[in-house]
Amino acid sequence: MPRGRRRTELLMLVFAVAVVLLAYASVGFGLNGKLPPGLLAYGLTFAGLVLAAHLAVRRLAPWADPLLLPLAALLNGLGIVMIYRLQESGRGGNPGNVISTLAPTATAYQVVYSAVGLAVFVALLAVIRQPRVLQRYTYTLGAIALVLLAIPALLPASMSSVNGAKVWIIIGRFSIQPEEFAKLALAVFFAGYLVAKRDVLALAGRRVIGIDLPRARDLGPVLLAWAASLLILIFETDIGTSALFFGMFVVMIYIATQRTSWLLIGILLFVFGSYAAGKLFTHVGERFNIWLHPFAGQNPSHNAYQLVQGLEGMGFGGILGSGLGHGQPYFTPLVQSDFIVTAFGEELGLAGLMALLLVFGLIVQRGLRAAIGVTDPFAKLLAAGLSFVLALQIFVIVGGVTGLIPLTGITTPFLSQGGSSLIASWALIALLMRVSDTARQPTPQPIQDEGMTQVVRTG
Amino acid sequence: MNRALMRVSLACLAMFLLLLVNVNYVQAFESSGLAGKPGNVRVFNQQFQYQRGAIVAGGDTKIAESRLIKGTSSYRRFYPDGPVYAPVTGYDSIYGATGIEAAEGSELSGSAPGLDVHNLISLFTGKPKQGASVYLTISPKAQQAAYQALASKGYVGSVVALDPSTGAILAMASYPTFNPNVYTTLSGVALDRIDKRLRAEKSQPLLNRAINATYPPGSTFKIVTSSTAFSTQKVANTSSTIPAPTNFQLPGSSKVLINDNNEACADGNPPIIEAFYLSCNTAFGKLGIAVGGPALHRYAGRFGMNNPGLRIPLPVSPSVFPLETDPDFVALSAIGQFNDQVTPLQEAMFAAAIANGGKLMTPHLVQQVLAPDLTVTQQAQPTVLATPVTPQVAGNLQQMMTAVVQNPAGTAYDVNKSVAGVEIAGKTGTAQNGVNNTGLNDAVFTCYAPTTNPKIAVGVIVQGGGYGAATAAPIAMQVIRAYLGIR
């Protein structure tokens, strides 16, 4: 008898909320020995929000994976806790320097963003009752993605550039990062496009050293994606996102066609592209230089400063960490966005950081499990692409701030301060849960099947 | 498509494994390396957020403590009697530490492994982290007397006092010295300027002469030469006579060894005790040749020389007795000249070993370490460093050293009057110095008191001080008087 496992989800949610509340209280004790003032307000809001999401899932996706929501809620909650901790450093007699970029209202805003994120999560589950509904909008979403990506490049710097990255749309006090949403739209577009074209793309051309090369005329799409990601790199100076999109495309084309040659072509293009970019653009070459010699004296100190601060912070935390509120993460510039993982490493230690990485890993694993379980090729590709791009994003940003790979500024899903990333991450979880719900749904009886297939009106 | 999906899953697994391995590398293996990076602002900042442990002398005299800077949450180091204790405490600055501040740094800062449990308890009980207090063997009375004796006359030199029965260091003074309070500034620029100035000063105030400068021991080395002669049965007892000519033409050399002021030594064949309290160079030059270079080298080592590994816990520069076989060099080194080099600490160790019946105790500065909750995390246990001579030979030397001070003809008879009621034993030294002995003589004195049941052994070296009996011995008397409470 298949079960929806919604009770498991609730239990895990209660656990996640408890961890978040304890962490929040711990920040207050760590900073000034008192319970933080917002414990009740923020705590109840957060608990209420995730409970509402859980109730919605009971109705909208009763068969969905029971771990995805609690895992995402845990990360979101811990992100709020860390932003509160960073916001409070140096304020009201707490130890530390005031982080000028973090307003005293940052935590409140992050809670509001979480509410919006969970609303989007529920809305997507409500609107998209079957993954294949999305397939109809393949090209529409592709076009939307392109427009979203192009806007910051076309806008003047005053309306699109923050700290050198030209990836924003800024209107007055309101700003969004369109690429976070373009990422999701592109995943849908790639999945729809590749499902339609995969037979053609899988056609073999010549065979070289045991590898079936595709026909030259079929190289079009991959070259297009490559060029598009290079354009993002050049016009928006955003290496991370460009690598993310290209990686997602290559992996999805590989899954769709099962041809290793596409993977090799993609990797070759990537290596060539990054080498050329390193040579052509000084800021890219500098990233390589900082990565190879973060502590080298010849590096102008301000260039490697952020990375070095992050690394020294993590080293300072050691294995068990300094404890929330006891570390000095405020020394790392902009620690609340790209480098928030190093703040976790410093205060929760190696133990806490590994736990966080495992939570991310579990989300990816549950997503891939849904992809394997679902029969519909579109849903399969979509879930695989989304799971992989999440894994790649974690790899790029965590690897970047810990010195494993050259640093490229992208957000850490769920943890980094900012609404766009958080809302897009919740949307991603919604899509994965929708696929998972489809995959785990018990096959209906043949007679009932006739009736069930009529569900079209939601589209 | 599932086969490709499985491969992609493996790729995701690989990415997460790489991340996990890398954060392990950064936070577990590289952690201390990162902490040691120059300009690590966290490590730099942390030291002022916690109260560093105090350094305490004589059980209750705080000679270094951290005080809260008014109106801030930062602490600053303070040395109440800075210059007096500078050779002991060293300093703790924002860029580095010396002395006990460095040697016991992990205890004082609270990061020593022995304090882990304590820190963990503090973490749970919400108490702020605090360093452990280091209690020293230093006696404030002896230390003050030693410092004043040097400073009042402006002598360049050092005094070290030991408890012969335990090896506890009672005083360790060096002059000229510095005020460690100037190193506690939180301004890097100011610190750099101060440090450069002190380093450039000709009088070398930063040099801890007690353990990091070496001088020729001069005649005080005759303690070792006599010990070797008794131990190797070249001389039977203190009344055995030894040849002591007025002039001694060194074999294989044009140099002629003479006694002080070119005097004759008694009748030219005195008992060894008389040659010792008169400090005849010819007698001990000949005796040195008789016992041989290798034997002298061996016994010098037993008395603590030629030991590059000595820590008190500050690292001690080795005192050197070179291994010689040429008779002329052996004769010179037997009277503490040629290439013999000793620290003032070594001088004190000569007397301490004899006073303690031939057992040389390991010199040490730290009596105990107390965690902030006053539990003892470290307690000094007196250990034997070496047993250079038997109790019987030590008895002979005690007799001879007592004669140096008590016999009216002894070289240090003059100081005997200054210490009423306490019998002192010692040996003077007046070491020739500089290229071709052009420098002023260094005054050297090593002694212990009282002669029965010795409580203190003192070594004094005054650079360019002239006669040991005239310059160095009175300093030792002041320290002994202060320590034993004699007015």
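Modeller: Start with β10(B) and β11(B): they run antiparallel and are joined by 3 bridges. One facing pair is B:Leu370 with B:Val376, the latter in β11(B). The two strands make a hairpin, with 5 residues between them. In that turn, B:Leu374 has a positive phi of about 70°. Bear in mind that this is a predicted model.

Now step to the other partner of β10(B). Strand β10, residues 366–370 of chain B, also pairs with β4(B). The sense is antiparallel again, over 4 bridges. Here B:Tyr135 stands opposite B:Gln368 of β10(B).

These strands belong to an open sheet of 6 strands in chain B. Read across, the order is β3-β2-β1-β4-β10-β11, and the pairing is mixed. Strands of a sheet pair through backbone hydrogen bonds, parallel or antiparallel. The edges are β3 (75–78) and β11 (376–379) of chain B. Each edge strand has a single partner, so one side of each lacks a neighbour in the sheet. On average, neighbouring strands are turned by 20° against each other, direction ignored.

Further along the order come β1(B) and β2(B). Strand β1 covers residues 55–57 of chain B and strand β2 covers residues 61–68. They pair in the antiparallel sense over 3 bridges. Within that pairing, B:Ala57 has B:Thr61 of β2(B) as its bridge partner.

Just after α11(B), B:Gln233 takes a positive phi of about 60°.

Last, the contact between the chains. Chain B gives 33 residues and chain A gives 43 residues. On the chain B side, α1 (2–29), α2 (31–35) and α3 (41–46) each supply at least two residues. The largest share, 18 residues, comes from α1(B). By class, the side of chain B that touches chain A holds 18 nonpolar, 11 polar and 4 charged residues.

Notes: Residues are numbered from 1 along each chain as its sequence is written. Chains are lettered from A and ligands numbered from 1 in the order in which they are written. This is a predicted model: local features need pLDDT of at least 70, side-chain atom pairs count only at pLDDT 80 or more; totals for chains, interfaces and linings use all residues. Two residues are in contact if their C-beta atoms, placed from the backbone, lie within 7 Å. Ala, Val, Leu, Ile, Met, Phe, Trp, Tyr, Cys and Pro count as nonpolar, Asp, Glu, Lys and Arg as charged, and the others, Gly among them, as polar. Two strands pair if DSSP finds at least two bridges between them. Axes are lines fitted to C-alpha atoms, for helices over the stretch in contact, and angles run from 0 to 180 degrees between N-to-C directions.
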